[in-house]
Amino acid sequence: MTRRFLFVLGSARADGNTELLARAAAEQLPPDVEQQWIDLAEHPVPDFEDLRHDSDHVRPTEGNVALLLDATLAATDIVIASPLYWYSVSAHTKRYLDYWSGWLRTPGLDFKATLAGRTLWGVTALAHREPEVADPLVGTLNNSAAYMGMRFGGVLLGNGSKPGDVRNDTEALARAKTFFAREAPLARFVFED
């Protein structure tokens, strides 16, 4: 299967540090690798309503939810590019991931089986110098990948608060050059180690 990267941008700010870092990493992908970029601020979805036990799930056919579902199913690699907001993913990003719960129960999608074996990656910019503050974000993405039977490529961390700050993080920019070249292992829950 030809690799197809979906970049899900979860920032509340256009052209923010997280997006700059994600684009620096994406520049290193071979030219034959397809890339689709979806900015969740430009393609908002309503709050997720958990109807698992209350109704039949119907595949969305139009609007931003359908766009995200189709792009997610078509991707071999999903990159969550979310700034670190209150030590985890942004609200836009969390809402997108919440929709995965509904898609798991949508007849005919086989959402979990389709994503199994594919790769989830993360990119984030944080204002702290201590990368450990991003552990909750990393855990959210790792555990989501583990539950889905996906591979997890880890999270590319960069430092930046003001717009453009990440360009000064030479270590993060150096890591971006090889970030997607790594072989991503099958995700595992911490308790499985």
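The legends below describe close-up views of a predicted model. Residues are numbered from 1 along each chain as its sequence is written, and side-chain values use heavy atoms, with hydrogens and water left out. Because the model is predicted, local features need pLDDT of at least 70 and side-chain atom pairs count only at pLDDT 80 or more, while totals for chains, interfaces and linings use all residues.

View 1. Helices (H or I, at least four residues) and strands (E, at least two) are DSSP runs, numbered from the N terminus. Helix α5 covers residues 135-148, and at 1.5 Å a residue its 14 residues should span 20 Å, which agrees with the 20 Å between its end C-alpha atoms; the expected span is 1.5 Å times one less than the number of residues. After α5 comes glycine 149, which has a positive phi near 75°.

**View 2. The largest nonpolar core, with the surroundings of phenylalanine 111.** A nonpolar core is a set of buried Ala, Val, Leu, Ile, Met, Phe, Trp, Tyr and Cys residues joined through side-chain atoms within 4.5 Å. The largest such core has 36 residues, and those with the most contacts inside it are Ile78, Tyr96, Trp100, Trp103, Phe111, Leu120 and Leu141. At least two residues of this core come from each of β1 (4-9), α2 (63-74), β3, α3, α4, β4, α5 and β5. Apart from this core lies another, of 21 residues, which includes Phe7, Val79, Val166 and Phe180. In soluble globular proteins, nonpolar side chains tend to be buried together. With contact taken as heavy atoms within 4.5 Å, and leaving aside neighbours within four places in sequence, phenylalanine 111 touches Leu69, Thr72, Leu73, Trp100, Trp103, Leu104 and Met148.

View 3. In one of them, arginine 3 pairs with aspartate 77, with the closest N and O atoms 2.9 Å apart. This pair links distant parts of the chain, since arginine 3 is in the segment before β1 and aspartate 77 is in strand β3, 74 residues apart. Arginine 3 counts as partly exposed because its relative accessibility is 34%, whereas aspartate 77, at 2%, counts as buried.

View 4. Arginine 23 and glutamate 19 meet through their side chains in a salt bridge with an N to O distance of 2.9 Å. Both residues lie in helix α1 (residues 17-26), where they are four residues apart, about one turn of the helix. Arginine 23 is partly exposed at 34% relative accessibility, while glutamate 19 is buried, with a relative accessible area of 11%.

**View 5. The salt bridge of arginine 59 and aspartate 70.** The side chains of these two residues meet at 2.6 Å, N to O. Arginine 59 is in the loop between β2 (34-39) and α2, and aspartate 70 is in helix α2, so that the pair links distant parts of the chain, eleven residues apart. Arginine 59, at 36% relative accessibility, counts as partly exposed, and aspartate 70 is also partly exposed, with a relative accessible area of 38%.

View 6. Tyr85, Trp86 and Tyr87 form a nonpolar patch on the surface, with about 400 Å² of accessible area together. Patches are made of residues with over 30% relative accessible area and no salt bridge, like charges being joined within 9 Å and nonpolar side chains (Val, Leu, Ile, Met, Phe, Trp, Tyr) within 5 Å; accessible areas come from the Shrake-Rupley method with a 1.4 Å probe, and for residues only the protein chains shown count as cover. Tryptophan 86 is found in the loop between β3 and α3, is exposed with a relative accessible area of 80%, and has a phi near 50°, a positive value in a residue other than glycine. Tyrosine 87 is found in the loop between β3 and α3, is partly exposed at 35%, and has a positive phi of about 70° although it is not a glycine. Alanine 12, in the loop between β1 and α1, is exposed at 59% and, leaving aside its neighbours within four places in sequence, is in contact with Tyr85 and His92.

Methods
Buried means under 20% relative accessible area, exposed over 50%, partly exposed in between (1.4 Å probe, protein chains only). A salt bridge is a side-chain nitrogen of Lys or Arg within 4 Å of a carboxyl oxygen of Asp or Glu.
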